[in-house]
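Morning, everyone. Please look at the sequence and the model on the screen.

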Amino acid sequence: MRSARRRPRRRVEMNFLLSFTSMTDMFTNVLLFLLFFVNPATVEDVNFALPQSTASAVPSAGPRLRIAKDEIAVDSAPVMRLAQGQWRAGEGSADDRGPLVEALGRAREKISPPQDAPTVVVECDEGIPWVVLGAVLQSAQDAGFAQYRLIVLGEG
Amino acid sequence: MPRVSRRRTQPDFDLDLVPILSLIVHLLPMLLLIVRFVTLAEHPVSQPPAKATEAPSREKVEAQESERVIVRATGQGFSVSGAEAGEVSLPCRSTDCAPETYDFDGLQAALRAARTLHPTLQDVLVVPDPQVPYAVIIGVFDVARGKKGETPIFANPVLVVGAPERGSVRSGEGDPAAPTPPSVGP
């Protein structure tokens with residue numbers, strides 16, 4: 001009788017080892033997925049804000065030209081610096097924009113298959129003045145791009 | 001006595017999962033609320049098939065102006081030519097001309113008037129001043145193209161160089177003080 005009592009007790013008192021590593025790993029992966037893959041515009045950037053628009057066309061793929069208040073980047077690689085959305089002193093001329101044209105030219109050559117009218121996707125901060133944006137678009141034209149896609153925040 | 005000590009070394013391990021699950025359940029909605037969900041869209045802009053290499057004659061420019069609808073965005077507001085005889089001036093709603101103070105409603109009315117005058121025209125030339133911000137340019141595009149499901153007033157807004165003098169809107173001309181922006185036209 002005594003031994004018959006103890007056996008069921010031992011079965012109930014089993015060691016329960018929970019793998020916290022797996023749980024933490026899963027949770028971290030879920031967080032990273034939500035933060036970075038659900039929406040590309042999740043990280044607030046004081047130097048970059050797209051303008052609101054009523055446009056509804058789905059953004060296309062292609063080389064990315066990003067104009068923030070502090071820099072101009074081609075495919076995420078910084079090429080030129082800006083000062084509060086303006087050209088820095090003594091910069092902005094066609095000669096100064098040589099590196100930008102070269103970087104855009106390299107991006108255009110990577111387009112596969114080659115397009116008759118290469119398109120560059122332009123992500124520009126809403127406060128960038130036309131004197132900067134226009135010159136950057138001119139550089140894209142000089143690099144051989146024939147079309148621009150101006151990325152904006154749609155109405156959702 | 002030995003039995004008692006054995007029980008102490010093998011305590012019941014009852015993991016309370018409720019707080020952990022509760023934490024996760026609270027964290028997930030919080031993250032979903034914090035994360036800024038937006039929809040990205042785009043405004044396609046094409047370049048002209050050819051660039052003007054020489055200045056056209058005055059008669060040609062005047063003829064072109066009469067056939068075109070031109071929206072100038074300046075530091076004081078909009079001006080629209082081609083909507084009616086002369087030019088429609090649409091100043092900002094305040095002296096400090098911020099993007100939200102531009103008269104986009106007036107611009108829409110002026111473009112609709114231009115539409116009736118030019119029923120076959122699809123292009124509207126957008127001529128920004130050097131210091132006009134990108135948000136205002138996009139605003140003009142929005143007005144010209146209209147919202148989703150609406151018939152666009154002008155389906156093809158076109159960006160034109162700098163801030164030309166009146167009567168000289170054509171590719172390659174702009175504010176001489178500004179860098180040479182692109183000649184994007186029909």
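I'll start with chain A as a whole, then turn to one helix pair in chain B.

Ground rules come before that. This is a predicted model, where local features need pLDDT of at least 70, side-chain atom pairs count only at pLDDT 80 or more, and totals for chains, interfaces and linings use all residues. Residues are numbered from 1 along each chain as its sequence is written, chains are lettered from A and ligands numbered from 1 in the order in which they are written, and side-chain values use heavy atoms, with hydrogens and water left out.

Chain A. It has four helices and six strands. Those are DSSP runs, numbered from the N terminus: H or I over at least four residues for helices, E over at least two for strands. From the N terminus, the order is α-α-β-β-β-β-α-β-α-β.

Chain A has 156 residues, and 38% count as buried, meaning under 20% relative accessible area with a 1.4 Å probe, protein chains only. Now contacts, meaning heavy atoms within 4.5 Å. Take those in chain A between residues at least 6 apart in sequence: 66% join residues at least 24 apart.

Now chain B. How do α4(B) and α5(B) pack? Their angle is about 40 degrees, with axes 10 Å apart. Axes are lines fitted to C-alpha atoms over the stretch in contact, and angles run from 0 to 180 degrees between N-to-C directions. α4(B) covers residues 104–117 and α5(B) residues 134–145.

Who makes the contact? From α4(B), Phe104(B), Leu107(B), Gln108(B) and Leu111(B). From α5(B), Val136(B), Gly139(B), Val140(B), Val143(B) and Ala144(B).

Technical notes:
Buried means under 20% relative accessible area, exposed over 50%, partly exposed in between (1.4 Å probe, protein chains only).
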